[in-house]
Amino acid sequence: MGNKTDCALLGFVGTLQDHYNYYRGKMPEESFVKVFTFNSSRKSMSTVVPLTDEKDQLIGYRLHCKGASEIVLSKCTSIIGSDGSMTSLSSEERRTIVKTVVEPMADNGLRTICMAYKDFAKDTTQDWEDELAVVSELTCLGIVGIEDPVRPEVPDAIQSVQRAGVTVRMVTGDNVATARSIAIKCGILNNNEEFLVLEGKQFNKKIRDKDTGKVNQAKLDEIWPKLRVLARSSPEDKYILVKGIIDSKLSKNREIVAVTGDGTNDAPALKMADVGFAM
């Protein structure tokens with residue numbers, strides 16, 4: 001039971017012959033110093049816990065962080081090597097890791113998670129509310145690739161609604177390479193067709209006025225007909241896309257929009273849609 005990503009990571013811990021219950025027993029939730037919960041803008045979560053010695057005496061604090069690889073990795077200034085030693089991590093080395101580790105896994109449809117940590121002295125004067133300072137200069141522990149396999153019935157289901165004249169679009173918080181790979185497996189994307197695959201930042205740049213920053217319906221109308229995958233999106237991006245399609249005058253008859261969603265982040269888009277399926 002629980003979040004799929006966390007369950008996968010716990011399964012990985014099991015393969016290392018380690019036991020989650022042991023660590024949870026040592027660090028119950030009430031001992032947490034600070035928690036930065038996951039949300040669509042952070043794309044990560046971080047928890048500060050006390051570090052104690054064999055006699056349970058406080059010796060410092062440790063921040064544990066996990067989240068979208070390219071985002072967490074960008075905050076890392078050192079890395080733990082295969083021999084257990086810590087070395088510095090330059091901007092160029094971070095880019096190399098993204099190219100040689102993150103992108104190949106994402107191209108195969110894996111959701112990549114970077115795990116990192118940071119230690120603080122016992123007598124630290126750190127303001128735990130200062131997230132930018134707390135979650136910075138991290139040490140990378142590793143990157144894992146997690147597969148959320150496409151259920152066997154999904155491609156046929158998508159093909160059925162497409163034959164009925166329904167256009168299927170994927171709007172996700174995943175990395176663009178991961179999203180594209182899954183969309184191809186599902187049948188949302190076809191390699192022989194010229195459809196748009198955008199990230200949230202690109203999407204907003206294309207649909208907003210440069211001067212006012214407001215959404216321009218005419219610009220949105222140039223995008224949505226060919227858009228099939230919107231990756232690294234925010235709840236606002238989902239809402240804007242749904243509202244923009246509904247408000248569009250491109251078609252003789254107004255487009256009818258249905259949205260499926262399985263998280264609280266989907267609530268604005270689900271409410272805006274003509275039909276909302278909350279799962």
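Here are some questions and answers about how this predicted model is described.

Residues are numbered from 1 along each chain as its sequence is written. Local features need pLDDT of at least 70 and side-chain atom pairs pLDDT 80 or more, while totals for chains, interfaces and linings use all residues, and side-chain values use heavy atoms, without hydrogens and water.

Q: How do you know that the span of helix α10 agrees with its number of residues?
A: Helices are DSSP runs of H or I with at least four residues, numbered from the N terminus. The expected span is 1.5 Å times one less than the number of residues. For the 13 residues of α10 (235-247) that gives 18 Å, and the end C-alpha atoms are 18 Å apart, so the two agree.

Q: Which residues of α10 are called buried?
A: Buried means under 20% relative accessible area (1.4 Å probe, protein chains only). Among those in α10 are P235, I240 and G244.

Q: How many salt bridges are counted between domain 1 and domain 2?
A: The count is two. The domains, whose bounds come from an automatic or database domain assignment, are residues 4-147 and 153-278. Their C-alpha centres lie 32 Å apart. Domain 1 and domain 2 each bring 12 residues to the contact, meaning heavy atoms within 4.5 Å.

Technical notes:
Helix = DSSP H or I, 4+ residues; strand = E, 2+ residues; numbered from the N terminus. Buried < 20%, exposed > 50% of the residue type's maximum accessible area, 1.4 Å probe, protein only. Salt bridge = Lys/Arg side-chain N within 4 Å of Asp/Glu carboxyl O.
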